[in-house]
Amino acid sequence: MGVSDGGLFMLVVTELKVVVSQVERGVAMKEMRLISRALRLMMSVRRRFRGPTLAAFIKHVLPVGSDTLSRLLPFFCKDEKDMEVDSTSSTLHVASHKSNLLPELEVLCYLVVLVYLVDQKQYQEAKACSGFAIARLKMLNRRSVDVIASRIFFYYSLAYEKTDSLVEIRSTLLALHRTATLRRDELGQETLLNLLLRNYLHYNLYDQAEKLRSKTQQLDTHSNQQLCRYLFYLGKIRTIQLEYTDAKDSLLQAARKAPAKARGFHIQCSKWAAIVRLLLGEIPERTTFMQPGMKKALKPYFELTNAVRIGDLSLFHMAAEKHSSVFHADRTHNLIVRLRHNVIRTGLRNISISYSRISLADIAAKLRLNSDTAVADAESIVAKAVRDGGIEASIDHANGWMQSRETGDIYSSNEPQLAFHSRIAFCLNTHNEAVRALRFPPNAHKEELESAEKRRERQQQEQELAKHIAEEDEGDF
């Protein structure tokens with residue numbers, strides 16, 4: 001049951017009119033949430049964007065003969081045959097007078113065209129359009145533009161990433177971040193920091209990414225999406241730096257805070273978190289790999305986890321070779337190479353539990369150490385595991401065997417206490433984060449006792465605010 005071209009045009013035009021009015025209202029009231037709501041509305045109708053509709057939109061918003069109009073219209077020139085819009089185009093009226101056009105509406109036109117070009121996979125045109133938008137943003141210093149500018153920064157980087165030329169804009173992103181810091185544009189700082197971290201990590205420049213992150217001023221988070229991205233990039237950096245405990249916390253927190261519909265982001269977090277937990281000597285739960293919509297994507301990591309859990313070195317090598325292309329695409333291949341030692345250690349632990357005494361030659365055979373010096377390798381592996389505390393055993397070098405010690409009662413040690421402490425610390429940290437996330441109206445403590453009518457009005461506003469916050473969390477991710 002399709003919609004006619006004229007009906008589709010009218011529908012998109014009506015929604016774009018609402019977007020324009022919301023932006024104007026947000027600028028007039030200096031309320032950034034109204035502008036954010038307008039952008040979410042625009043993103044919800046982006047699938048229905050068509051060249052003729054957007055061409056008519058920017059013609060009505062921008063004054064005739066303006067530089068912005070002359071820059072944006074050529075992106076629709078190839079659709080000139082379709083740009084003869086019927087009389088419905090006259091229904092689009094912009095509330096602001098064209099001779100006094102708001103800079104926010106001008107930047108909004110750049111964003112609308114940029115989103116359309118990215119959706120149409122016209123990345124070269126998107127690079128050109130984003131370049132014009134960035135040049136215009138450098139001339140503006142208005143906090144009401146910051147919300148729209150942060151979206152433009154994102155698509156600016158995305159267009160260059162899709163054309164594999166991210167290195168070309170690194171200096172520009174650094175300059176924009178410096179400008180945003182000087183202008184106290186906190187949302188711009190968050191967005192640009194994440195884009196810079198992504199830029200560095202794209203080229204495996206982990207040291208540079210960590211130096212930038214450590215020297216950047218930490219701010220109170222204004223966007224849940226940007227916080228999730230930051231935690232994900234931080235987890236990747238910590239993983240490469242062998243700080244697996246901090247990496248696991250960051251990755252799990254990023255997955256927990258991300259909206260449910262961001263399935264691709266959840267998949268990436270789950271992949272890296274699974275590798276980090278394996279490197280820590282933990283075995284992820286089976287349910288982690290069986291989540292709806294993620295089972296197929298996580299299957300290579302499930303097979304890898306199964307090999308590590310069993311301690312079978314040959315099965316581990318088979319899984320690594322079978323899914324080598326997936327691991328290279330995910331950039332986790334180097335981490336999987338590190339797992340070989342964990343597989344051997346797990347197999348050795350299983351052997352020490354099963355046998356009170358076993359020869360080093362049998363250990364080499366069970367671990368499938370295929371080398372000319374397999375017995376010597378097994379001896380060194382056992383010695384290292386004993387020294388690191390991985391197994392409770394001793395080596396009888398004269399007779400060439402490993403003697404396992406009797407396992408003691410774990411409840412007589414400090415391990416239950418440490419596990420209980422970690423759970424308590426997690427709960428307290430969650431509580432502290434929830435308290436810090438509370439939002440109150442300004443000067444709420446100074447207000448007098450309110451009447452019943454004012455109380456109802458306040459409660460209604462609080463419900464609307466909670467709804468807007470939830471929409472932000474589920475917004476463009």
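1. Is Arg309 buried, partly exposed or exposed? Arg309 counts as partly exposed because its relative accessibility is 46%; partly exposed sits between buried (under 20% relative accessible area) and exposed (over 50%), using a 1.4 Å probe and protein chains only. You'll find Arg309 in helix H14, residues 295–310.

2. A quick word on the source: this is a predicted model, where local features need pLDDT of at least 70 and side-chain atom pairs count only at pLDDT 80 or more, while totals for chains, interfaces and linings use all residues. Residues are numbered from 1 along each chain as its sequence is written, and side-chain values use heavy atoms, leaving out hydrogens and water.

3. Now the patches. Phe420, Ile424 and Leu428 make a nonpolar one, with about 310 Å² of accessible area together. Patch residues have over 30% relative accessible area and no salt bridge, with like charges joined within 9 Å and nonpolar side chains within 5 Å. Phe420 itself is exposed at 56% and belongs to helix H20, residues 415–436.

4. On to the rings: there are six aromatic pairs (centres within 6.5 Å; planes under 30 degrees apart are stacked, over 60 edge-to-face, the rest tilted). One of them, Phe154 with Tyr155, is edge-to-face at 5.1 Å and 80°. Phe154 is partly exposed at 26%, whereas Tyr155 is buried at 2%.

5. Phe232 and Phe265 are also edge-to-face, because their centres are 5.5 Å apart and their planes at 65°. Phe232 is in helix H11 and Phe265 in helix H13, so this pair ties together parts 33 residues apart in sequence. Both are buried.

Definitions and conventions. Helix = DSSP H or I, 4+ residues; strand = E, 2+ residues; numbered from the N terminus. Areas by Shrake-Rupley, 256 points an atom, 1.4 Å probe, with all protein chains shown as cover. Salt bridge = Lys/Arg side-chain N within 4 Å of Asp/Glu carboxyl O.
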